[in-house]
Amino acid sequence: MENHDHISNQFDNDLESIRNHVLSMGGLVETNVKNAITSLLERDQALAEEVATADFKVNQMEIEIDEECTQIIARRQPAAGDLRLVLTAIKMITDLERIGDEAEKIGRYAQTLASKKAKTGMHLELQTLGEKVSSMLNKTLDAFARMDASQAMEVVGLDIRIDEEFDRISRLLVSHMMEEPKNIKSMLRVSWCARSLERIGDHAQNICEYVIYSVHGEDVRHTDIDKVKKEYLSKQE
Amino acid sequence: MEISDNMDLDQEISKTVGSPLLESKVRIACRDVNVFYNKNVQAIFNVNLDIGKNQILAMIGPSGCGKSTLLRCFNRMNDTIEDCVVDGLIELDGENIHSKKIDPVVLRANVGMVFQKPNPFPKSIYDNVAYGPKLHGLTQNNSELDDIVEESLTKAGLWKETKDRLNKPGTGLSGGQQQRLCIARAIAVKPEVILMDEPTSALDPIATATIEELMSELKSTYTIVIVTHSMQQAARISDRTAYFHLGRLVEVDETGHIFTNPIHSLTENYITGRFG
């Protein structure tokens with residue numbers, strides 16, 4: 001689609017400002033998630049503490065962007081693609097804020113796990129899951145930055161791999177708990193971290209669905225993404 | 001001819017996009033309508049458009065896009081403009097409005113019109129409304145005429161405000177009231193369609209809201225076609241929206257669809273306030 005500037009420059013600036021702020025919020029959340037995973041795997045107590053207290057910045061940004069979106073709706077009454085972008089931003093920051101909350105939780109558990117004398121080594125099982133989630137989040141923010149619906153569709157598909165890995169870890173933890181009941185407490189903490197990582201994947205999937213909506217104007221939530229993908233491929237041909 | 005200057009545009013709009021109406025729901029149908037002024041200036045190019053029964057269709061587009069010209073085709077107002085030629089088929093309830101059987105005066109009663117500036121006759125409020133029914137011989141006696149005046153003013157939401165001053169001049173009313181008087185005048189001759197050419201552009205927001213509310217009530221009885229420069233107004237009140245650009249109908253679809261996800265980039269650029 002041809003993309004012209006608005007007749008009103010200020011409108012362009014306002015929309016661009018929302019986009020940029022969402023991107024910075026995404027960047028901040030991404031860093032928090034990465035630090036949370038690192039602190040967990042490397043038993044880095046200082047980093048874990050930093051993550052557990054860094055979430056207030058994310059919350060602050062959510063409130064600021066929300067206000068920006070409210071203002072642009074009240075003053076400009078955006079339509080079509082502009083409206084979809086603003087709606088996407090409003091929904092996306094809710095998911096980003098929740099990803100921030102999950103990172104904060106991982107940071108808290110990581111603090112406890114790092115201090116435990118009983119080293120179960122089970123936290124290392126989270127490495128693959130952590131990598132998959134980090135990569136999915138990175139690709140999600142990239143798809144938003146470039147408004148790339150094809151990439152967003154690809155990323156939505158990644159959530160299944162994350163769920164599989166989460167199930168594998170859960171099974172593993174259950175069998176270890178049965179073998180060594182004295183470590184149940186710390187295994188539960190590992191399990192909660194796995195749950196938080198899995199939830200981050202779900203939020204990333206939501207964001208990708210908003211990106212597809214923003215680009216194509218079609219709501220793909222709760223639909224079969226493979227079917228949607230096929231439809232768009234056939235349209236492009 | 002202008003057409004040669006706009007080859008690119010014609011390629012871009014080779015076919016109007018949007019979803020069509022079911023045939024049973026069509027009140028007015030336009031097929032390949034072209035309108036020329038002075039033989040060498042073309043104002044409307046191959047417009048195919050269906051207007052639904054009991055619906056409000058909003059026609060939007062930049063100045064000079066031909067929306068008012070097309071509106072005036074629907075009740076043959078363009079007949080009154082010298083050198084204006086309307087080509088193509090326009091049907092009202094399946095009947096060609098240019099057929100010899102059709103009397104333009106009767107057609108204009110059937111397809112009423114409300115203009116940008118309220119234009120009551122320099123007569124009393126009563127006579128403004130009674131003028132049409134009298135002219136068309138719709139009543140047998142004065143009591144019937146009284147009934148039509150009351151009914152029309154009630155439908156136009158003006159009865160309560162005017163019932164005690166029916167003999168005062170219509171021009172003494174406020175702008176919004178005058179516009180509602182013009183709507184009452186159009187309704188009095190029992191039309192099927194009401195055409196409105198920017199009916200609220202001279203009114204304040206409160207009078208505008210009253211007229212918009214009135215339009216929503218009237219659509220259960222009439223088909224309404226409105227030309228408006230206010231996109232918010234089109235979004236608020238219309239069921240379908242048609243976007244025109246340099247005399248071409250670019251896109252027509254459900255209003256909700258046009259304002260969230262238009263198909264054509266020209267429509268998108270216009271409704272989002274971008275330079276096309």
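Biologist: In which hand, left or right, does helix 1 of chain A pass helix 2 of chain A?
Modeller: Helix 1 of chain A passes helix 2 of chain A in a left-handed crossing, where left-handed means that the near helix is turned anticlockwise from the far one by less than a right angle. Before we go on, this is a predicted model, in which local features need pLDDT of at least 70 and side-chain atom pairs count only at pLDDT 80 or more, while totals for chains, interfaces and linings use all residues. Residues are numbered from 1 along each chain as its sequence is written, and chains are lettered from A in the order in which they are written.

Biologist: What are the axis distance and crossing angle there?
Modeller: The axes of helix 1 and helix 2 (residues 45–53) of chain A come within 8 Å and cross at roughly 145°; axes are lines fitted to C-alpha atoms, for helices over the stretch in contact, and angles run from 0 to 180 degrees between N-to-C directions. Helices here are DSSP runs of H or I with at least four residues, strands are runs of E with at least two, and both are numbered from the N terminus.

Biologist: Which residues make that contact?
Modeller: Helix 1 of chain A contributes A:Asn32, A:Asn35, A:Ala36, A:Thr38 and A:Ser39, and helix 2 of chain A contributes A:Leu47, A:Ala48, A:Glu50 and A:Val51, with contact meaning that C-beta atoms, placed from the backbone, lie within 7 Å. By class they divide into 4 nonpolar, 4 polar and 1 charged.

Biologist: And how does helix 1 of chain A sit against helix 3 of chain A?
Modeller: The axes of helix 1 (residues 9–41) and helix 3 (residues 55–76) of chain A come within 10 Å and cross at roughly 160°, which makes the two helices roughly antiparallel, a label for angles over 145 degrees. Helix 1 of chain A also passes helix 3 of chain A in a left-handed crossing, and the residues of this contact divide into 11 nonpolar, 3 polar and 5 charged. Among those that meet are A:Phe11, A:Ile18 and A:Met25 in helix 1 of chain A, and A:Val58, A:Ile65 and A:Ile72 in helix 3 of chain A.

Biologist: How many helices and strands does chain A have?
Modeller: Chain A has 8 helices and 0 strands, and its C-alpha atoms fill a box of roughly 65 × 40 × 20 Å along the principal axes.

Biologist: Switching to chain B, what is the strand order in the sheet of 6 strands?
Modeller: That open sheet of chain B runs 6-7-8-3-9-10, with mixed pairing, and strands count as paired if DSSP finds at least two bridges between them. Strand 6 (111–114) and strand 10 (248–254) of chain B stand at the edges with a single partner strand each, so one side of each has no neighbour in the sheet. The twist averages 20° from one strand to the next.

Biologist: Which helix packs on it?
Modeller: Helix 7 (residues 175–188) of chain B does, touching strand 6 and strand 7 (193–197) of chain B, and its direction makes about 170° with that of strand 6 of chain B.

Biologist: Last one: how many residues of chain A touch chain B?
Modeller: 17 residues of chain A are in contact with 15 residues of chain B, and the largest share of the chain A side, 5 residues, comes from helix 4 (residues 80–115) of chain A.

Terms used. Contact = placed C-beta atoms within 7 Å. Parallel < 35°, antiparallel > 145°, perpendicular 65-115°, else oblique. Nonpolar A, V, L, I, M, F, W, Y, C, P; charged D, E, K, R; others polar.
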